[in-house]
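Here is a note for someone opening this structure for the first time. Please read it with the model on screen.

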Amino acid sequence: MNTCCRMKVTLLTAIVLAAIPIATAWANLTGSWSCNDGGTYYLRQIGRELHWYGEADYSGQPAWANVFSGSILDGRITGKWAAVPKGRSSGAGQLVLEVKNQGTVLRSVENTGGFKGSRWVRKKTVKAAARTLPQAQPERGKDCIAFNSSTIGLEQINGRWKIVDGGHWLFDFGSDRVAAQKALQVINHYRMNRSCFVGRLDPSFAYLLAKGGVPEGPMAGEDCVAFDPVKIRVSKINNRWKIVEGRHWLFDFGSNLTEARQALAIIKRYGFTRSCFVGRPKADFSYLRR
């Protein structure tokens with residue numbers, strides 16, 4: 001999608017603030033982990049929930065085996081663990097863990113019931129690196145893809161950082177993990193739940209909607225350009241159809257006048273007043289808000 005991020009930034013007044021603080025955005029924790037209690041743990045993250053099965057490394061019946069179920073909030077995982085009969089030990093209690101190093105290390109900060117482990121490190125596996133995931137597609141006849149902002153997360157798939165929801169990916173950031181983390185925080189902040197577009201299969205214009213309709217700001221650390229939806233119009237500049245405000249263009253539609261008019265109608269319908277970006281000058285993620 002061509003947007004005003006490709007024009008000379010001196011033509012527009014941009015809001016440039018400090019980087020968005022990253023508190024709860026990390027890679028999906030699903031995978032195999034090693035722990036300093038001598039065990040291997042198999043984690044599964046589903047949205048804000050985390051579950052695992054862990055056991056001592058063994059060549060027979062393990063000395064211990066346990067399961068865990070908890071919830072993730074603000075960089076902490078809180079839940080309950082219990083030993084299971086595959087191992088020879090017993091016990092149960094509570095655990096509070098901290099997520100460290102962008103989701104590659106877990107550290108225990110509180111525990112009860114005699115739990116021994118205190119530090120987990122993610123294992124690198126060929127299977128994880130080779131995982132494939134299809135891109136989410138809109139329902140037939142619709143121009144939006146619905147997703148659940150409470151269950152989406154980050155995942156590195158074949159070396160590319162993506163925002164995923166269940167068995168599909170929504171946004172691709174290539175190798176830029178920081179941009180992916182910031183975009184995830186934007187989605188969570190505005191409670192966005194629909195990714196919409198104009199034009200198929202290569203959209204010329206994209207926007208996101210939220211629970212309640214339209215994302216409304218501001219959000220600390222945003223990079224946005226303001227415009228007046230009353231004053232914008234479609235104009236042909238150097239044989240390319242663009243949405244412009246005064247002498248400056250905002251969105252570029254090439255030769256497609258129909259899609260330019262559709263996008264203009266959408267902007268006016270929702271009353272968008274800001275075009276915002278993550279990762280300029282080459283923005284991998286952009287959105288509109290009021």
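1. Start with a buried pair. Cys224 and Cys276 are both buried, where buried means under 20% relative accessible area, exposed over 50%, and partly exposed in between (1.4 Å probe, protein chains only). A disulfide joins Cys224 to Cys276, with S to S at 2.1 Å; the term covers a pair of cysteine sulfur atoms within 2.5 Å. The link is right-handed, with 100° about the S-S bond. It connects distant parts of the chain: Cys224 is in strand 17 (residues 223-226) and Cys276 in strand 21, 52 residues apart. Helices (H or I, at least four residues) and strands (E, at least two) are DSSP runs, numbered from the N terminus.

2. A word on the source. This is a predicted model, in which local features need pLDDT of at least 70 and side-chain atom pairs count only at pLDDT 80 or more, while totals for chains, interfaces and linings use all residues. Residues are numbered from 1 along each chain as its sequence is written, and side-chain values use heavy atoms, leaving out hydrogens and water.

3. How many disulfides does the whole structure hold? The search finds two. Besides Cys224 and Cys276, Cys144 is joined to Cys196, with S to S at 2.0 Å. This link is right-handed too, with 105° about the S-S bond. With the bonded cysteines numbered in sequence order, the pairing reads 1-2, 3-4.

4. Look at the exposure of these cysteines. Cys144 counts as partly exposed, because its relative accessibility is 23%. Cys196 is buried, at 1% relative accessible area. Cys35 counts as buried at 10% relative accessibility.

5. Cys144 and Cys196 also meet in a sheet. In strand 15, Cys196 is the bridge partner of Cys144. Strands 11 and 15 run antiparallel and are joined by three bridges; two strands pair if DSSP finds at least two bridges between them. The open sheet has three strands in the order 11-15-16, paired antiparallel. Strand 11 and strand 16 (205-210) are its edges, each pairing on one side only. Neighbouring strands are turned by 20° against each other on average, direction ignored. Helix 3 (residues 257-270) packs on this sheet, touching strand 15 and strand 16, and its direction makes about 25° with that of strand 16. Axes are lines fitted to C-alpha atoms, for helices over the stretch in contact, and angles run from 0 to 180 degrees between N-to-C directions.

6. Asn193 deserves a look. Its place is in strand 15 (residues 192-198). Is Asn193 buried or exposed? Asn193 is buried, with a relative accessible area of 16%. Leaving aside neighbours within four places in sequence, Asn193 is in contact (heavy atoms within 4.5 Å) with Ile145, Ala146, Phe147, Leu209, Ala210 and Lys211.

7. Turn to the nonpolar cores. Such a core is a set of buried Ala, Val, Leu, Ile, Met, Phe, Trp, Tyr and Cys residues joined through side-chain atoms within 4.5 Å. The largest has 25 residues, and Ile163, Phe285 and Tyr287 have the most contacts inside it. Strand 13 (160-165), strand 14 (168-172), helix 2 (177-190), strand 21 (274-278) and strand 22 (285-289) each give two or more residues. Helix 2 gives the most, seven residues. A second, separate core of 20 residues includes Tyr207, Leu209, Phe253 and Ala260.

8. Beyond its neighbours within four places in sequence, its contacts include Phe171, Ala183, Leu208 and Cys276. Both Phe171 and Phe285 are buried.

9. Which aromatic pairs stand out? The structure holds 18; rings of Phe, Tyr and Trp (its six-membered ring) pair if their centres lie within 6.5 Å, with planes under 30 degrees apart counted as stacked, over 60 as edge-to-face and the rest as tilted. The rings of Trp52 and Phe115 have centres 6.4 Å apart and planes at 45°, so the pair is tilted. Trp52 is in strand 5 (residues 49-56) and Phe115 in the loop between strand 9 (105-111) and strand 10 (119-122), 63 residues apart. The rings of Phe171 and Phe285 have centres 5.2 Å apart and planes at 85°, so that pair is edge-to-face. Trp52 and Phe115 also belong to one aromatic cluster with Tyr41, Trp64, Phe68, Trp81 and Trp120.
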